[in-house]
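Here is a short briefing on one protein chain. Keep the sequence and the 3D view open as you read.

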Amino acid sequence: MTSPKTPTLPYSPAQLGTQILIGWSGASPGERDTAFLLAYSLGDGTDGPEAGERAMRTALERSGLRVGGETLDATGMPNLPVKLLVQAGQAVLTLPHFKAQYGVPPEWLAAARAEGTVHAMFATRPWPGALPGQPVGEDQLRAFVGDPAVIASSAHCLLPVRSLG
């Protein structure tokens, strides 16, 4: 049995606006640390934040990610066009519409290497308050990534950690 697919609409990359990548690590009590990455837009695309949200949803779905569903385990999906390379203290995330490099803290790197995976969250909702070059506080980050509306409108993916050597 096949599932009906939602048709993806055309979009312009300029509608996506400024796209940002941020990482952190943490654990629930009694669990090992997990490395997380969040990709989001500032909502400053050419046609405004609403068009940017629709464009981001389309871009993610075209990349093979499910918006608003369970976490996609990409560890056994080598053809998924979503890749994470971790090398020399940097995480490089590549999607067909997005490529970003992020200097990761040592605890993030340790968690990613220990688990061999990173939980990536791709927000369709813009986050205009988290500007490039400005520090994001733990409470501010927790409020955004923990918002039920943001969680439900994001794509979640467990990515294998790859390196060059």
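Strands β1 (19-26) and β2 (34-41) run antiparallel and are joined by eight bridges. Helices (H or I, at least four residues) and strands (E, at least two) are DSSP runs, numbered from the N terminus. Two strands pair if DSSP finds at least two bridges between them. This is a predicted model: local features need pLDDT of at least 70, side-chain atom pairs count only at pLDDT 80 or more, and totals for chains, interfaces and linings use all residues. Residues are numbered from 1 along each chain as its sequence is written, and side-chain values use heavy atoms, with hydrogens and water left out.

- W24 has F36 as its bridge partner in β2.
- G23 stands opposite L37 in β2.
- L37 also has a bridge partner in β7, namely A120.
- β2 pairs with strand β7 (residues 117-123) in the parallel sense, over four bridges.
- What is the order of the strands in the open sheet? Its five strands follow the order β1-β2-β7-β8-β3, and the pairing is mixed.
- β1 and β3 (72-73) are the edge strands, and each pairs on one side only.
- β2 is largely enclosed by the rest of the structure, because six of its eight residues are buried. Buried means under 20% relative accessible area, exposed means over 50%, and partly exposed lies in between (1.4 Å probe, protein chains only).

- Axes are lines fitted to C-alpha atoms, for helices over the stretch in contact, and angles run from 0 to 180 degrees between N-to-C directions.
- Helix α4 (residues 138-145) packs on the sheet as well, touching β1, β2 and β7. The direction of α4 makes about 75 degrees with that of β2.
- Which residues of α4 are buried? They are L141, F144 and V145.
- These three cover an arc of only 85 degrees around the axis, so they sit on the same side of α4. The arc is that of the directions from the helix axis to the C-beta atoms.
- The buried residues of α4 pack against β1, β2, β7 and α5 (148-152).
- D139 and A143 are exposed residues on the face of α4 turned away from its buried side.

**Salt bridges**

- How many salt bridges does the structure hold? There are three. A salt bridge is a side-chain nitrogen of Lys or Arg within 4 Å of a carboxyl oxygen of Asp or Glu.
- R32 and E115 meet through their side chains in a salt bridge (3.0 Å, N to O).
- R32 counts as exposed at 55% relative accessibility, whereas E115 is partly exposed at 34%.
- E138 forms a salt bridge with R142, and their closest N and O atoms are 2.6 Å apart. Both lie in α4, four residues apart, which is about one turn of the helix.
- D139 also forms a salt bridge with R142, with closest N and O atoms 3.3 Å apart. These two lie three residues apart in α4.
- Shared partners join E138, D139 and R142 into one network of salt bridges.
- E138 is exposed at 57% relative accessible area, and D139 is exposed at 61%. R142 is partly exposed at 48%.

- Strands β4 (residues 83-87) and β5 (residues 90-95) run antiparallel, joined by five bridges.
- K83 has T94 as its bridge partner in β5.
- The hairpin has two residues between its strands, and A88 in the turn has a positive phi of about 50 degrees.
- β4 has a covered face with L84 and V86, and an uncovered face with K83, L85 and Q87.
- In a regular strand the side chains alternate between the two faces of the sheet.

**The nonpolar core**

- The largest nonpolar core has 46 residues. Such a core is a set of buried Ala, Val, Leu, Ile, Met, Phe, Trp, Tyr and Cys residues joined through side-chain atoms within 4.5 Å.
- L38, Y40, L65, L93, W108 and F122 touch the most other members.
- Leaving aside neighbours within four places in sequence, F122 is in contact (heavy atoms within 4.5 Å) with residues including A39, L60, V82 and C157.
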